[in-house]
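I opened the model and went through it stop by stop. These are my notes, in the order I took them.

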Amino acid sequence: MFEQFKTRAEAVSAEVHRFATRAQALDFILDFLRSEGIADQPGAYALWADGSFAAALDRKRLAAQVPGLRFEITRDLAAGARAGISQVDWAVAQTGTLLVDATAVEQRLVSSLPPIHIALAETGRILPDMAAGLARFDPGRCAFLSAITGPSRTADIERVLTIGVHGPKRLIIVFIDEAGEADHQ
Amino acid sequence: MSSQFTQSIAEALRNPKLTGALGKFSEAYRGNRAQAYAGIDFEALRTLIAERKAYAASHLEALAAEFAANARARGAKVFRTGDPQQVREYVLNVAREKGARAIVKSKSMASEEIHLNPYLEKEGLSVSETDLGEWIVQLAGQRPSHMVLPAIHMTKEDVAGLFSKEINERLSSDIPRLVNVARQELRSRFLNADIGISGANIAVAETGSLVLVTNEGNARLVATLPNTHIAIVGIEKLVALFEDILPVLTALPRSATAQLLTSYVSIITGPAPNTDGTLKDLHIVLMDNRRSEMAEDPQFREALQCIRCASCLNVCPVFRLVGGHVFGKVYTGGIGTILTAWFDALKQSEDIQGLCIQCGNCREFCPGNIDIPGLILELRRRLVVEQGQSLVQKGIFAVVNNRRLFHTMLRAASLGQKPFVDGGFIRHLPLFLSTFTRDRSLPSIAPAPFRDTFRKIPQPRSEEKAALYAGCLIDFAYTEIGEAVVKILNRAGIEVVFPEGQTCCGAPARYSGAYEVAAQNSIDNIRALLEQDVKWVVTACPTCTVALKQEFIGTLESLGRHEALPEARRLADKAVDFSWLVKQLVDEGRLSFRDGEAPLPLTYHDSCHLKRTLHVSGEPRDLLRRAGHQIVEMFESDICCGMGGSYTLKLPEISAAILHRKLHNIEATGVSEVAADCPGCVMQIRGGCDKKGLAVRVKHTAERLAERLE
């Protein structure tokens, strides 16, 4: 199902990566942030929203490794960030879609305001289709369910596809094969 | 039709800029859409959507109450009203309570419907549309020309001009640059807005959830950044169950823009936290505006199954020529015509409903399984009931309904036309009639009608009899088609009879909404055609076949003439289309054709009624192949030729523009032979070729087959 997800997501301009371990994924993310010039300056920093992956990180050490990587999120900070990082709950192979309970506003801020959104997902949480995806959510407990399929796009001017109108211009999806703590329950 | 409206059509047709992007989009749409639906059973999907939405439409009251209760339980404020003015006032009151100054909006047709923006702006509020297309249209002071692609009528140069003015900087027409300008400019409005207003694509009664579908991500921002969110929801967006989201979400992006899914889908159930830690002040306005009344109407209830994908616009041969500023009001195209008649007023649909050529293409594509052309015809009928027919129409139908007078006049016309006839064509008509022959030559009226010619064809005696229903064109212009049909049936050993009492099938009256006239035609024909005991009633005009098989019943039923229905049904059972019958005869080994040594290349035009109403498209192709032809398919072979019966007379300029596309597609095949199964299409295409000087021979399938009888 990973291959199908990758094909579908890349067809809508997402960038898809896969790593065996959390450590490898983290290395990739840190390298990526450096290569994108993430720095402790207005308009150049990155925000990392809560999630099981982020919870297990040594945040102080990371912030020292990549100056400009921050873990506190506000509206103003999100508006000025170059990249946002968040973890999604599920992925849908059939359409290349990410599903996340975005009730916590931080989840929405990092995935909609910065020009780059890095989404972390577990390879074991790829579902075949949207029917399976929606079945994982109880609307009684989730006030804001977000389905994200590729970066923000428009074709409103002469039907020419243009990426990145109001939301992210790039969507980087990082799959990790190693299951997180939450999945061992 | 008002002269102002006719003028707007002429302007639209002469402005290639207006429909440039729309034309390209609609040409690519069918292929792209088919790809998006790969692996999905569309018929099953739309049956499910229609069933779920029809259920909702017949339980609107209960579902609205359930939705309101569930959304309130989750902390939303729900306001339900039938009155657009109350919706506007409610929004204004919320704005006043909040001391709001600035509002950002994501696309909402419901708010367009009630003209919310100008109302709020008059009250001193700043309202910014944030969907790129909507913003462009707002800056231009226009209304959307398409329900999904609001600014498709504008060029990048137009947009550059608007944006330059807005940000006071001279911009080039580079599209990515223009999109970035919108991002920058609207980003600050998002961050500074006090209230976000959205619509909703789906509202789920079971959970009180709203589903918002966008590509740009603006709805997420509208629902996240301002502390207050007002969603204006037409109650036809209600579905009963959370699982009902799935079929709608499967069809909507595929049908709207040929995408598997839009970039963003947000499912909002009650208030979520704001960026300052408070909870969202979430207001949901359930707007009726005659939707409940529509749900009570046995015919128009079906229109509430619409999911607003706009595919009926994308596949409409008329819409792509004139765009939504001509073909529609707030809501555009086929479904827009119907919604205008209800949400606005029946009278408001008077001009636009006339644009529908009744080709039936939209019906094939509608994911809500709505009979859009059928409903437009019903509007037409109600308009005639409400306002009566024009005097000219009345005059015409008075003649058509008097068979003897009608036929005498046609015979007289055969003589009267002499000065204008040239090789079987009428190429020019004088004075006001000249529009009719500007783009197509008309056939001359035959010196002897088919009913006279028929008497001279000796018939084999047989137990197996077929009554030939000629229809006006074969009877009075293309008698050779009738002769070909008789020749072929005789060869299969069938005795053909020609009931003299047959008259016009009533299609022109019916398609003009004059049902009383059409009913009289039905009664006359039923009597004439059932007079003798025949096995089949054969026609070589699909429009006539549809009349005999379906519309006589429909017309009589809608007028409550139940006494005539048993006979109408008996006729319907006997009525068959020519190609369908001949295919049966060939399959039974009763007919065969000479195979040519080298197959003669030919392109086939699918007639609207044959393909889409009678579902016959493989049969004539198969027969033509057996008769030694190689079929070279033209682009959009099943798109209307622009004939549409009296449409050519009512809207000659549109008819001609559609015809020109057809001729272009025929020329592009490089072959010089065309076959079609409808004498109307033959007339339109043959006349167009003659006028354009194309060396293309257009013949009815019956003629092509008769030439090759073994």
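**Entry 1: Phe67(B)**

I started at Phe67(B). Leaving aside neighbours within four places in sequence, I find Phe67(B) in contact with Ala203(B), Ala205(B), Gly208(B) and Leu238(B). I count two residues as in contact if their C-beta atoms, placed from the backbone, lie within 7 Å. Phe67(B) sits in helix α4 (residues 60-73) of chain B. Helices are DSSP runs of H or I with at least four residues, strands are runs of E with at least two, and both are numbered from the N terminus.

Is Phe67(B) buried or exposed? Phe67(B) counts as buried because it has 29 C-beta neighbours inside 10 Å. The cut-offs I use: buried means 20 or more other C-beta atoms within 10 Å of a residue's own, exposed means 12 or fewer, and partly exposed is in between, with C-beta atoms placed from the backbone. I also looked up Val204(B): it is 137 residues from Phe67(B) in sequence, with 6.6 Å from C-alpha to C-alpha.

**Entry 2: conventions**

The model is predicted, so I note that local features need pLDDT of at least 70, side-chain atom pairs count only at pLDDT 80 or more, and totals for chains, interfaces and linings use all residues. Residues are numbered from 1 along each chain as its sequence is written, while chains are lettered from A and ligands numbered from 1 in the order in which they are written.

**Entry 3: Gly670(B)**

Next I went to a loop. Gly670(B) lies between α33 (652-669) and β20 (673-676) of chain B. I get 9 C-beta neighbours inside 10 Å, so Gly670(B) counts as exposed. Val632(B) is 38 residues away along the chain, and its C-alpha atom is 8.9 Å from that of Gly670(B).

**Entry 4: two helix pairs**

Two packed helices are described by the angle between their axes and the distance between the axes. My axes are lines fitted to C-alpha atoms, for helices over the stretch in contact, and angles run from 0 to 180 degrees between N-to-C directions.

I took α27 (residues 542-558) and α28 (residues 565-574) of chain B. Their axes come within 8 Å and cross at roughly 165°. That makes α27(B) roughly antiparallel to α28(B). Under 35 degrees is roughly parallel, over 145 roughly antiparallel, 65 to 115 roughly perpendicular, and the rest oblique. The residues of this contact divide into 8 nonpolar, 1 polar and 3 charged. Here Ala, Val, Leu, Ile, Met, Phe, Trp, Tyr, Cys and Pro are nonpolar, Asp, Glu, Lys and Arg are charged, and the others, Gly among them, are polar.

I then took α3 (residues 42-58) of chain B with α12(B). The axes come within 9 Å and cross at roughly 125°. That makes α3(B) oblique to α12(B). The contact has 6 nonpolar, 1 polar and 2 charged residues.

Last, chain A on its own. I note 7 helices and 12 strands. Buried residues make up 51% of its 185 residues. The C-alpha atoms of chain A fill a box of roughly 50 × 40 × 30 Å along the principal axes.
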